[in-house]
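Welcome! Please take a moment to look over the model below, and then let us walk through a few of its features together.

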Amino acid sequence: MLVHFPIAFVIATLGIDVFYWFTGDVFWRDVGVWSAGAAFIFGVLAAIVGTLELLAVPGIRVRVASWNHAIAAMVLLAIAGANAGLRIFWPETVLPNGLMLSVLASLATAFAGWHGGKLIFDHGIGLLISSRQ
């Protein structure tokens, strides 16, 4: 259940960037540093758990959607890391570079989420189904 945090922070970072774009208030740029950093840190934690699950559970490894989801999540993690690094080391380039990375990260989140949803809804991965039903 760790995936909710990086997803929320990636989308929040996009919203924060829009606020910074409209207001020009440095407060939003500083909040974006924390949001992008949290997205990356929680993304790393979710990636560790997801990789362990992918490698440990044989029923997951055989599904193509599992590997698609894993690759999309790693791409998303790379984008989130670049976004956080940009904000930490070059905060003056948040507009337009950080905003574009936030849009790209949000699109990658949607793509990875689509494949994660396919694992749950199409393949029943992660569902506990009682034999009494």
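## The largest pocket

How many residues line the largest pocket, and which of them lie nearest its centre? The lining has 35 residues, and those nearest the centre are V3, A46, G50, E53 and H69. Bear in mind as you read on that this is a predicted model. The space in this pocket comes to about 1,000 Å³.

Helix 2 gives the most, with nine residues in the lining. Sorted by class, the lining of the largest pocket holds 23 nonpolar residues, eleven polar ones and one charged residue.

## Helix 4 beside helix 5

Two packed helices are described by the angle between their axes and the distance between the axes. Helix 4 covers residues 64-89 and helix 5 covers residues 94-121. Their axes lie 8 Å apart, and the two helices pack at an angle of about 160°. An angle over 145 degrees counts as roughly antiparallel, and helix 4 and helix 5 are therefore roughly antiparallel to each other.

Their crossing is left-handed. In the contact of helix 4 with helix 5 there are 16 nonpolar residues, along with ten polar and two charged ones.

## Helix 1 beside helix 5

Helix 5 also packs with helix 1: the axes of helix 1 and helix 5 come within 9 Å and cross at roughly 150°. Are these two helices roughly parallel or roughly antiparallel? With the cut-off for roughly antiparallel at over 145 degrees, helix 1 and helix 5 are therefore roughly antiparallel to each other. The crossing of helix 1 and helix 5 is left-handed.

By class, the contact of helix 1 with helix 5 divides into twelve nonpolar, five polar and one charged residues.

## A cis peptide bond

One more detail is worth a look. Is the peptide bond from L95 to P96 cis or trans? The bond is cis, with omega near 5°.

Terms used:
Residues are numbered from 1 along each chain as its sequence is written. This is a predicted model: local features need pLDDT of at least 70, side-chain atom pairs count only at pLDDT 80 or more; totals for chains, interfaces and linings use all residues. Side-chain values use heavy atoms; hydrogens and water are left out. Axes are lines fitted to C-alpha atoms, for helices over the stretch in contact, and angles run from 0 to 180 degrees between N-to-C directions. Helices (H or I, at least four residues) and strands (E, at least two) are DSSP runs, numbered from the N terminus. Angles under 35 degrees count as roughly parallel, over 145 as roughly antiparallel, 65 to 115 as roughly perpendicular and the rest as oblique. A crossing is left-handed if the near helix is turned anticlockwise from the far one by less than a right angle, and right-handed if clockwise. Ala, Val, Leu, Ile, Met, Phe, Trp, Tyr, Cys and Pro count as nonpolar, Asp, Glu, Lys and Arg as charged, and the others, Gly among them, as polar. On a 1 Å grid over the protein atoms alone, a cavity is a set of points where a 1.4 Å probe fits but cannot get out, and a pocket is an open set with protein on both sides within 12 Å along at least five of seven lines; lining residues have an atom within 4 Å of a point. Grid points are joined across faces, edges and corners, and a volume is the space filled by probe spheres set on the points.
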